[in-house]
Amino acid sequence: MEDQTVGMLITEAREKKGISKNQLAELCGVSHTEIARIESGEREVPNPKTLRKISKYIDVNFNELMYAAGLGLQLGPESSLLKEYHSSLRGPKLKEALVNAFCSLQNCNKFEEFLKKKLEDKKLSEEEKEIVRQTKEDNFYQILTIYETINQLQKALRHEKVENTDEDSLLENDK
């Protein structure tokens with residue numbers, strides 16, 4: 001993701017969806033002046049509850065809006081900090097990180113199954129269902145991040161194996 005302000009990100013996504021500021025405000029249950037302030041940059045750090053509402057209608061993940069507003073760490077696949085960290089790991093630490101990533105993925109997948117079943121619960125109110133849907137969205141974003149982490153770690157592991165292989169052993173394997 002480029003370095004965009006939260007206002008720029010919302011404006012771009014809203015326009016892509018063909019929604020006016022007034023329509024977005026009405027859908028979210030916030031004032032049109034609040035939407036205008038956020039988009040113009042006057043409100044640099046919007047209320048997270050407002051960002052959550054907006055994210056539902058513009059197809060931008062809540063976590064991305066939080067990051068753009070300076071309210072959270074970007075944990076998405078495009079995070080340069082994660083890439084830098086993972087590419088710096090070597091030896092046992094690299095293998096440990098890969099095992100941890102696979103365990104995290106397994107936990108997130110199990111949590112996803114739980115959330116799907118939870119949504120089927122007829123006793124849940126609409127408000128409770130919305131919380132579960134939001135949690136599913138956040139969990140999905142986390143799953144994407146874990147997949148990217150696994151790819152980065154596997155790439156680092158392959159690179160490490162190549163670095164540790166000398167030319168003589170490569171030539172022997174060709175015979």
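Buried here means under 20% relative accessible area, exposed over 50%, and partly exposed in between (1.4 Å probe, protein chains only). A few friendly notes follow.

1. This is a predicted model, where local features need pLDDT of at least 70 and side-chain atom pairs count only at pLDDT 80 or more, while totals for chains, interfaces and linings use all residues. Residues are numbered from 1 along each chain as its sequence is written, and side-chain values use heavy atoms, leaving out hydrogens and water.

2. Helix H7 covers residues 91-119, helices being DSSP runs (H or I, at least four residues) numbered from the N terminus. Its buried residues include Gly 91, Leu 94, Leu 98, Cys 108 and Glu 112.

3. The largest nonpolar core has 20 residues, and Val 6, Ile 10 and Leu 51 are among those with the most contacts inside it. Such a core is a set of buried Ala, Val, Leu, Ile, Met, Phe, Trp, Tyr and Cys residues joined through side-chain atoms within 4.5 Å. Helices H1, H2, H3, H4 and H5 each supply at least two residues of this core. Apart from it lies another core, of 13 residues, with Leu 89, Leu 94, Ile 143 and Ala 156 among them.

4. H1 passes H4 in a contact (heavy atoms within 4.5 Å) made by Val 6, Ile 10, Ala 13, Arg 14 and Lys 17 of H1 and Leu 51, Ile 54, Tyr 57 and Ile 58 of H4.

5. Asp 59 sits in the loop between H4 and H5. Its phi is near 60°, a positive value in a residue other than glycine. Asp 59 counts as exposed because its relative accessibility is 58%.

Methods:
Expected span 1.5 Å × (residues − 1).
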